[in-house]
Amino acid sequence: MKLIEIVFDGVKYLIEEGSNLVKEMDKHGIHIAAPCYRNTKQLGCCKACIVEINNEKAYACCSKIQNGMSIIYDTEELKVERRKAVEAYVNDPNPGECCGGSSCGCGSESEESCC
Ligand code: FES
């Protein structure tokens, strides 16, 4: 296990390289809104876990910790996007279905990912 430094909302954390961003931040008491990840263990379905990683929007549940990551979570713009995503997800959560395809946008080939 290799620990690397990341920055999350301006705070530095030592995190296990290659691990899932949502899971690792939980360990540090940072609970990223991630309904589909937490409730169905599917990734990339609800879009509520949107963050900015090195100035590009990404989904935390689909993101693996990498060296040099700077993650922004708590902004008004992201809160608005998150709220819209949660509303859409509540109305159509696709229970038990893989959301897959290119909808996630993470490009991950992880076994955990439905993308
Ligand atoms: S938790 Fe649903 S897209 Fe990330």
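Analyst: Two residues are in contact if their C-beta atoms, placed from the backbone, lie within 7 Å. This is a predicted model, in which local features need pLDDT of at least 70 and side-chain atom pairs count only at pLDDT 80 or more, while totals for chains, interfaces and linings use all residues. Residues are numbered from 1 along each chain as its sequence is written.

User: Which residues does Cys49 touch, not counting residues up to four places away in sequence?

Analyst: With those sequence neighbours set aside, Cys49 touches Val22, Ile32, Ala33, Ala34, Tyr37, Tyr59, Ala60 and Cys61. For the protein as a whole, 56% of the contacts between residues at least 6 apart in sequence join residues at least 24 apart.

User: How many helices and strands are there in the protein?

Analyst: Helices (H or I, at least four residues) and strands (E, at least two) are DSSP runs, numbered from the N terminus. Here there are three helices and five strands, and along the sequence they follow the pattern β-β-α-α-β-β-β-α.

User: What is the order of the strands in the sheet?

Analyst: Strands of a sheet pair through backbone hydrogen bonds, either parallel or antiparallel. Two strands are said to pair if DSSP finds at least two bridges between them. In this protein five strands form an open sheet in the order β2-β1-β5-β3-β4, with mixed pairing. Its edge strands, each pairing on one side only, are β2 (11–16) and β4 (56–59).

User: Which residues have the most contacts inside the largest nonpolar core?

Analyst: A residue is buried if 20 or more other C-beta atoms lie within 10 Å of its own, exposed if 12 or fewer, and partly exposed in between. A nonpolar core is a set of buried Ala, Val, Leu, Ile, Met, Phe, Trp, Tyr and Cys residues joined through C-beta atoms within 7 Å. The largest one here has 27 residues, and those with the most contacts inside it are Val22, Ala34, Cys49, Ala60 and Cys61. Its largest share, three residues, comes from α1.
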